[in-house]
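Colleague: I am new to this structure and would like to learn how to read it. Could you show it to me and take me through some features?

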Amino acid sequence: MSIELITILLFGCMLVLLALGLPVAFALGGVGVVFTVLLWGVGGLITVPLKTLSLMQSVVLTAIPFFVFMGLILERSGIADDLFNMMNKWVGGLRGGLGIATVAVCTVFAAMTGVSGAATVTMGIIALPAMLKRGYSKTIAVGGILAGGALGVLVPPSVLFIIYAWLSGASVGRLFAAGVFPGFLLAFLFMSYIGIRAAIQPHVAPALPVEERVSFKLKLTSLKSTIAPIILVLAVLGTMFAGIATPTEAAAVGAFGAVVIGLAQRRIRWPHIKDASNQTLRTTSLLMWIVLGASFFVAVYIAVGAKDLVLNMVSNLPLSPWIVLIMMQAVLLIMGFFLETTGIAMITIPVFVPIIQAFGFDPTWFGVLFVINMEMGFLTPPFGINLFYMKGVVPPEVSLGDIYRSVTPFVALQLVGLIIVMAFPQIAVWLPNMIFGIPK
């Protein structure tokens, strides 16, 4: 059986199973196991326990449950509520101020959690009612929260960067540093859009009434709510960038710090910690099943020589490396409409990264492009996970159609951000090169 036919059958069977509604983990894993038996016999199934053992021994992936737990604790600790109230006091008097404040809080929250769902759900509960009550249009209010929440996969620490590092062999620390300025760039684009829309159409994002604005003294007092987030960000990113802690150790420090802050502020109790632990177990287990299933699929794909086939085929095409890079981004964008991001990473990264390295591109920079692309996948219908997070917390008057319409301009802005980072790689690689040195 030719490699080309095996490739078509592998991906064809996977797509059929996904279309039938089978979960991603079992669609990928099932196809991988069946093709292992077909190609190498029952003896080939020895790869299943070997892959499982290798996965469970991964030091890089150990950081994931710590970051998930940290995000869940922060979601329950009220820190986001304090930050939103603080930002509301400072910029609420401006047109679009509440929307801008929401994106800013989501950005800070992203720098503490590493996942997108926590900020989306939390700000959907806190900020959405406040904006709708003050006359914000549903598209601005909902779209701003969704876009800001999606920053959790780009602004470090990011669970998706950890998965990319594990698959590509890139440095987690370099990837985290590379995500800082692109994350701020996207946040700036989102906030600028809200501010410009509010200036042109004041009715879509009105300023706070005069009677709801506070004195400068109260504004200064409200800044104390930034102390805990600053401490936590320094504990996680500061220790890692300074070389004091590995990513896994920094994640553990962050999880412990989130609990300490919550207990010190008397915001969380044992039931909150227990609930967060149980949710961490469920989330991490689901993620590991996807990674495990995709590992079997990719193992078969690589074992038949398809990776070398694709590499040779692309290298021999009369196309410039930049055209190939753009084609990769288009493939990732289309896959983001239909597949879960971890599954996309498992399928594409082992194939794409050797190609971009052969073309002389920086794998850290490509990792940022990959994550920005996956960030769009969190917001694109029909299967953008953040859309369903939002649907679970919006009031009845906000329909799923309203949610879909609200993300359109923000997805366009994400695409603009992707193009900017592609055109100016230094936005991503300057900080990791400054901290860790230029890679040889």
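Modeller: Gladly! Let us begin with a word we need: contact means heavy atoms within 4.5 Å. Keep in mind that this is a predicted model. In it, the buried residues of α5 pack against α4, α6, α7 (117–133), α12 (216–222), α13 and α14.

Colleague: Which residues of α5 are buried?

Modeller: Buried means under 20% relative accessible area. In α5 that applies to Ile 79, Ala 80, Leu 83, Phe 84, Met 86, Met 87, Asn 88 and Val 91.

Colleague: What span should the 13 residues of α5 have?

Modeller: At 1.5 Å a residue they should span 18 Å, and the end C-alpha atoms are 18 Å apart, so the two agree.

Colleague: How do I describe the way two helices pack?

Modeller: Two packed helices are described by the angle between their axes and the distance between the axes. Here, helix α5 (residues 79–91) and helix α6 (residues 97–113) pack at about 145°, with axes 9 Å apart. Their crossing is right-handed. On the α5 side, the contact includes Ile 79, Leu 83, Phe 84 and Met 87, while α6 contributes residues including Leu 98, Ala 101, Val 105 and Phe 109.

Colleague: How many nonpolar, polar and charged residues does that contact have?

Modeller: The contact of α5 with α6 has 13 nonpolar residues, 3 polar ones and no charged ones.

Colleague: Can we look at one residue of α6?

Modeller: Take Thr 107, which lies in helix α6. Thr 107 is buried because its relative accessible area is 9%, under the 20% cut-off. Beyond its neighbours up to four places away in sequence, Thr 107 touches Leu 151, Val 155, Phe 184 and Ala 187.

Colleague: And how should I think about a nonpolar core?

Modeller: In soluble globular proteins, nonpolar side chains tend to be buried together. The largest nonpolar core of this model has 147 residues, and those touching the most other members are Ile 64, Phe 67, Trp 365, Phe 366 and Phe 370. Helix α15 (residues 270–303) supplies the largest share of this core, 12 residues.

Colleague: What is Phe 370 in contact with?

Modeller: Setting aside neighbours within four places in sequence, Phe 370 contacts Leu 160, Tyr 164, Leu 332, Ile 344, Ala 345, Thr 348 and Ile 349.

Colleague: Could we try another helix?

Modeller: Let us take helix α11 (residues 180–200). Its 21 residues should span 30 Å at 1.5 Å each, and its end C-alpha atoms are 30 Å apart, which agrees. The buried residues of α11 include Val 180, Leu 185, Leu 186, Leu 189, Phe 190 and Tyr 193. Among the elements covering the buried residues of α11 are α6, α8 (138–150), α10 (172–178) and α19 (363–377), along with α21 (400–423) and α22 (426–436).

Colleague: How about a residue in α21?

Modeller: Leu 418 is found in helix α21, and it counts as buried at 3% relative accessibility. Not counting residues up to four places away in sequence, Leu 418 touches Gln 329, Leu 369, Ile 372, Asn 373 and Met 376.

Colleague: Where is Arg 266, and is it buried or exposed?

Modeller: Arg 266 lies in the loop between α14 and α15. Arg 266 counts as exposed because its relative accessibility is 73%. Its backbone deserves a look too: Arg 266 has a positive phi of about 55° although it is not a glycine.

Colleague: What about α14 itself?

Modeller: Helix α14 (residues 247–264) has 18 residues and reaches 25 Å from its first C-alpha to its last, close to the 26 Å expected. Its buried residues include Ala 250, Ala 251, Gly 254 and Ala 258, and what covers the buried residues of α14 includes α4 (63–77), α5, α13 (227–241) and α15.

Colleague: Which residues does a cis peptide bond join?

Modeller: Pro 156 and Pro 157, with omega about 0°. Pro 157 is placed in the loop between α8 and α9 (159–168).

Notes: Residues are numbered from 1 along each chain as its sequence is written. This is a predicted model: local features need pLDDT of at least 70, side-chain atom pairs count only at pLDDT 80 or more; totals for chains, interfaces and linings use all residues. Side-chain values use heavy atoms; hydrogens and water are left out. A nonpolar core is a set of buried Ala, Val, Leu, Ile, Met, Phe, Trp, Tyr and Cys residues joined through side-chain atoms within 4.5 Å. Buried means under 20% relative accessible area, exposed over 50%, partly exposed in between (1.4 Å probe, protein chains only). Helices (H or I, at least four residues) and strands (E, at least two) are DSSP runs, numbered from the N terminus. Axes are lines fitted to C-alpha atoms, for helices over the stretch in contact, and angles run from 0 to 180 degrees between N-to-C directions. A crossing is left-handed if the near helix is turned anticlockwise from the far one by less than a right angle, and right-handed if clockwise. Ala, Val, Leu, Ile, Met, Phe, Trp, Tyr, Cys and Pro count as nonpolar, Asp, Glu, Lys and Arg as charged, and the others, Gly among them, as polar. The expected span of a helix is 1.5 Å times one less than its number of residues.
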